[in-house]
Amino acid sequence: MKTYQDTVDWMFQQLPMYQRIGKQAFKKDLSNTLKLAEHLDHPESKFKSIHVAGTNGKGSVSHMLASVFQSAGFKTGLYTSPHLKDFRERIRIDGKMISQEKVISFIGENQIFLGQNRLSFFEMTVGMAFDYFANEKVDIAIIETGMGGRLDSTNIITPELSVITNIGLDHTAFLGEDLGAIAFEKAGIIKEEIPVVIGEKHIKTKEVFRKSAKEQNSKIYFAQDNSFPKYQTDLKGSYQKKNLRTALSSLKVSKDLGWEISEEALINGLQNVKLHTGLQGRWDVIREKPKVICDTAHNAEGLKLVLKQLKKEKFQQLHIVLGVVNDKDLSTILPLFPKEARYYFSKPDVPRGLDSILLKNSASNYDLEGDNYESVHEAFLAAEEEALDEDVIFIGGSNFTVAEAL
């Protein structure tokens, strides 16, 4: 591999990647990841970690935790997915993305092994992250799972603490058709005698978590059972209140485990999450007059919270730039959107992007009216031309839609 772009192109094109092509990229076991870990001399055993799973909020919670640990003076790794603009967003130390040279060298040194064993995009990226964190000797790494838990490639670590933010009906084709089945998959990150924090206590999932924790002899903590002073965070979505409580509960347990986090570090970390970790796409206000808001929420549970906050905004007219992927169950999300908004239907620029005409036709069944556009860029431009200073433009429906707008 001669250049960074060549390397990333090979990673995207050579091997399956769920975010781009969907179900065929999903693997139902950890054998490849374990094989790669052995090939790399088990980097997952060479750093301490916190493992974060959940349907919604796991990215925000991971970034909050990383920001606080950074503020407390710990060299902090952060692994998240997916990225918005640059692949390197997935792998950071103290907020700084892995260098292009490190990406090139990892793939170059291991390309024959990766190709011969047909590792997936996600598997090789997890291997790259763990290898990087081990070589750079981080004090702790915050590791976000992909869609699942039990069979997620990240689930070869033995963390200091496991965190499960919440459970919702997303990726049901892979994880199960009901909340209990999905909770079982997420509960797969609970390890022997490792404490676990559960972000939301739900009647259909709490016993699944309690049962798993008991089997693993793990202490279980429900964030909803805790009360905290009114800490502030720079992540401004109202839905972040739940994520903040989950993060605070996780930090409380971390301190009980011996991690020294002062009140000053806690306050500073929570108030500077974006600055410290580079987080984007969570209720991001990218412009004023007209106000332009981006949010990557893309399932029913996440969109309910985001759209609830959107309705509280003051505007003369609401414009919504909407783009989704083609395996999204539109019947679960389109009824949530406001009928009085003007829509700009678009197709995200990935193979899984749903054609904008198909999206428009489906939306019309729910009285959501507007025009369709070939790209997110064209849809955004059209919304900007139509919007007055007193209006609000919202961009969402998919990570890819937000990424193209940023």
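This is a predicted model: local features need pLDDT of at least 70, side-chain atom pairs count only at pLDDT 80 or more; totals for chains, interfaces and linings use all residues.
Start inside. Select Met128 and Phe133: within the largest nonpolar core, which has 36 residues, these two touch the most other members. Now colour α1 (4–14), α3 (31–39), β3 (91–93), α5 (100–116), α6 (121–135) and β5 (140–144), each of which supplies at least two residues of this core. Helix α6 gives the most, with ten residues.

Next, the salt bridges; the whole structure has 15 of them. Pick Asp225 and Lys201, whose closest N and O atoms are 2.9 Å apart. Asp225 sits in the loop between β8 (220–222) and α10, and Lys201 in the loop between β7 (196–198) and α9 (206–215), 24 residues apart. Asp225 is exposed at 53% relative accessibility, while Lys201 is partly exposed at 30%.

Hop over to Asp284 and Lys274, another salt bridge (2.9 Å, N to O). Asp284 is in strand β9 and Lys274 in helix α12 (residues 273–277), so the pair ties together parts ten residues apart in sequence. Is Asp284 buried or exposed? It's buried, with a relative accessible area of 8%.

Stay on β9 and click Arg287. Arg287 is 106 residues from Ile393 in sequence, yet their C-alphas are 9.5 Å apart.

Then show Arg342 in strand β12 (residues 342–345) and Glu386 in helix α16 (residues 376–386), 44 residues apart. They form a salt bridge too, with 3.1 Å between the closest N and O atoms. For a network of salt bridges, select Lys75, Lys102 and Glu136.

Finish on the surface: Lys230, Lys241, Lys308 and Lys312 gather in a patch of positive charge. Among them, Lys241 belongs to helix α10 (residues 240–256) and is exposed at 65% relative accessibility.

Technical notes. Residues are numbered from 1 along each chain as its sequence is written. Side-chain values use heavy atoms; hydrogens and water are left out. Patches are made of residues with over 30% relative accessible area and no salt bridge: like charges are joined within 9 Å, nonpolar side chains (Val, Leu, Ile, Met, Phe, Trp, Tyr) within 5 Å. Accessible areas come from the Shrake-Rupley method with a 1.4 Å probe; for residues, only the protein chains shown count as cover. A salt bridge is a side-chain nitrogen of Lys or Arg within 4 Å of a carboxyl oxygen of Asp or Glu. Lys and Arg count as positive and Asp and Glu as negative; His and the chain ends are not counted. The place of a charge is taken as NZ of Lys, CZ of Arg, CG of Asp or CD of Glu. Helices (H or I, at least four residues) and strands (E, at least two) are DSSP runs, numbered from the N terminus. Buried means under 20% relative accessible area, exposed over 50%, partly exposed in between (1.4 Å probe, protein chains only). A nonpolar core is a set of buried Ala, Val, Leu, Ile, Met, Phe, Trp, Tyr and Cys residues joined through side-chain atoms within 4.5 Å.
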